[in-house]
Amino acid sequence: MRVPLSWLRDFAPFEGDPVALGETFDDLGMVVEGIERVGEGLDGVVVARVVDIQPIKKADRIRQVHVDIGGPEPVQVVCGAFNFDVGAVVPFATVGAVLPGDFEITARKMRGVDSFGMICSSAELRLADDAEGIMLLPDDLPLGAPVAEALGVEADVVYDLAIEGNRPDANSVVGVARDAAARLKLPFTIPTWTVPRGATPVESLASIAVDTPDLCPRFTATALKGVHIEPSPEWIARRLTLAGMRPINNVVDASNYVMLELGQPTHPYDLDRLPGHGLSVRAARPGETIVTLDGVERRLGDGDDCLICDANGAPVGIGGIMGGGSSEISKTTTRVLLEAAYFTPMAIARTSKRIGLRSEASARFERGCDPLGIERAVERFCQLLGTGEPAAGMLDISTVPAARKSITVRVGRVNALLGTSLDGDAMVSYLTPIGFAAIASDGALDVVPPSFRPDVTTEIEVVEEVARHHGYSNIERTVPRSPFVGSLTPYQKGRRTLKAVLVGAGVSEAMFSPLLAPGDHERAGLPGEALPASDPLAREESVLRTSQLPGLLKSLAFNASHRNPEVSLFEVGHTFGMPSPGDPLPDERERLAVVLAGEEGAPAAKRLLDVILDALHRTDVSLEAGSTEGLHPTRTARIVDGDGQAVGWVGEVDPAVVRAFDVPGRVGWIEADLGLLLPTERVYVQSQAVSKLPSSDIDLAFVVGDDVPAAAVEATLWAAGGELLVGLRLFDVFRGGHVPEGWRSLAYRLRFQATDRTLTEADLAEVRTRCIAAVETAYPGARLRA
């Protein structure tokens, strides 16, 4: 927000170094992004009248101009602008003048023509932003007079302030002045503006109605007749220009001036162009449209979209955002109906974002305006307008409470939060100048925020106001002490361990978007039901994933297309299942997913799972035969914990799915719910001595039924092998040949080793016999394959 210093001085006597004042703004949280000095560098710039214009041979873009600056002879100059003619009054910079930006004017020759000065644009003089042509001055200005004196231009300073969303009061010149005056202990006053009313009652000229008080808690209208549309006085136009707004006419400019000065947006309508001579407030209907003042058709219809309509119900504006073109002020306007309202902040914010239209008015309404400051804004508008007669009274429909609730602020709590030792009276002295009603008693403050501070509703927000005006720089910097030392939770440590183990096993970490294209789930053999994104950037990323399988397979396909077919990837990320009945949120879980591209498939996945479980010390986890969508029907097992709860799946991706994603070969797969896989508390493991003695390997192949999980056979072998069994690996699965239908051969390599002796042939024979007997006893029909 751009704030001229001269405007601030209307409310408080700010003197001294403008840079120091900017530092005060910074310390109060109104960050100064720039300081611009205007109205300086105009020495040597005088009023001139164009008396002659001649073309220059072989120069289509410049002309030879003679100007009268009140001297005995006209001055010759070369000019490249074409927006003026003979008789025009213009600002002329004489030779030797130094314009803003340290641009010195010298005599020079262009296309063989001497030029003794420069005719200036308003941008070159830093009086406005219009750089398209020469600045045209009023015809009655005295020739040769300094431009600054003739236009009444005074040197000024403009602050460019960044106002945060929690400071609605600072979105106005008055708010900035109030805050700075309180810090600097300067007197602050807002003048009382009163304009005599005519005898005609406003009810006889216009009417208002509010159908949706939840969207518009207060709506007022004031009628004026006998209005003349004309340019605004120079001082108003200049202030608006310095504040970054373009002057239009006296009615529109008065409305904008009030908004910038007091923070209360208003909207003037041509009363004679309003059907029914009235206004009404209602919610937009589905699909309803309106053409706003910027000439764009806007489609509305959300339940929170607030429309301003004429007395017949036709839209004439979007409440709190922008008016429509059907009833805007024009040169023929003689009667004005001024709307001044208070709209529900969140309703304005939602509509503004949804339709992609943000205005100066919406920026203030969505942060919260002063619902009790409307009368002052209307009086100021009428006083600035200086034309027309306001009707007697004001049309007003309001559901706004007359007073705000008080907030109890504990003095001890304030000091504990800020690290200060302020007493209650000191806190009151900070709050009172910025409009708060505060009384200190019994170690607490009873605080009533002003109506222009809707952002202050709780104790902590009052504490922030005390801190701002005490000065953050005056609070001693300390390091908070706490008996609690930050550390990772067992879950976080387990997740880090898991990632480190996978990387150590040669698996690369991948990260994917949680959004997929429609049809990706079905292509991966998964159910197609998924939650759609409410506002996707692209159709290719428009539904939330229920599994990480599609994303990982896409990555494998990409790598394969770039001649890198054997890739191992893992991702730790979130999936989003459909909400449970009665639950508005999706079933969001953090999961591990691993793909292993190559020739082995399921065996490789099983070996990697063993490494993961060993690293996490999950000795209670086992595998059960099972199948699920997207995975191989016979090469898949369910991972279950000691309580029989499903943790995830291990095995191989269905060949049909692999082909659908153009991935060559077999793909091993591991997926697990991290909430169930990772340990919930720290696991302590006793270190084991490493034997220095030789080990011996024995290969055993068992024929077992297809319904017997390989993991179950492994568990039996581990139990039978006892302390001597130090390693066990499934190295072959065979079907066909002499193996009956419905049965398969599982070949294991068992490694035996003792810590105190070298195992003898007798030791190995005894433990081998024990392992064979254990398997044949545990699984009916199981036998050692010859």
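## Sheets, cores and charged pairs in a predicted model

Strand 6 (residues 89–93) pairs with strand 11 in the antiparallel sense, over two bridges. Strands here (E, at least two residues) and helices (H or I, at least four) are DSSP runs, numbered from the N terminus, and two strands count as paired if DSSP finds at least two bridges between them. The model is a predicted one, so local features need pLDDT of at least 70 and side-chain atom pairs count only at pLDDT 80 or more, while totals for chains, interfaces and linings use all residues. Residues are numbered from 1 along each chain as its sequence is written, and side-chain values use heavy atoms, with hydrogens and water left out.

Ala440 has Leu445 in strand 27 as its bridge partner. The two strands form a hairpin with two residues between them, and Asp442 in the turn has a positive phi of about 55 degrees.

A search of the whole structure gives 46 salt bridges, each being a side-chain nitrogen of Lys or Arg within 4 Å of a carboxyl oxygen of Asp or Glu. In one of them, Glu465 meets Arg453, with the closest N and O atoms 3.0 Å apart. Glu465 is in helix 12 (residues 459–470) and Arg453 is in the loop between strand 27 (444–448) and that helix, so the pair ties together parts that are 12 residues apart in sequence. Glu465 and Arg453 are both buried, where buried means under 20% relative accessible area, exposed over 50%, and partly exposed in between (1.4 Å probe, protein chains only).

What about pairs elsewhere in the chain? Asp756 and Arg757 form a salt bridge with closest N and O atoms 3.4 Å apart. Asp756 is exposed at 59% relative accessibility, whereas Arg757 is partly exposed at 36%. Salt bridges that share partners also make one network out of Arg167, Asp169, Asp179, Arg453, Asp455, Glu465 and Arg468. Arg2 and Glu36 meet through their side chains in a salt bridge of 3.2 Å, N to O. Arg2 belongs to strand 1 (residues 2–4) and Glu36 to strand 2 (residues 31–38), so this pair ties together parts 34 residues apart in sequence. Arg2 is partly exposed, with a relative accessible area of 28%, and Glu36 is partly exposed too, at 27%.

On the nonpolar side, the largest core holds 89 residues, of which Leu8, Phe14, Phe25, Phe219, Leu279 and Phe381 touch the most other members. Helix 6 (residues 250–262) gives the most to this core, with eight residues. A nonpolar core is a set of buried Ala, Val, Leu, Ile, Met, Phe, Trp, Tyr and Cys residues joined through side-chain atoms within 4.5 Å. Leaving out residues up to four places away in sequence, the contacts of Phe219 include Ile208, Val210, Leu279, Val281 and Ile308. A second, separate core of 27 residues includes Val594, Ala604, Leu608 and Val650.

Finally, the cysteines. The structure holds zero disulfides, a disulfide being a pair of cysteine sulfur atoms within 2.5 Å. For Cys382, the nearest cysteine sulfur is that of Cys369, 18 Å away. Cys382 is buried, with a relative accessible area of 6%, and Cys771 is buried at 0%.

Notes
Contact = heavy atoms within 4.5 Å.
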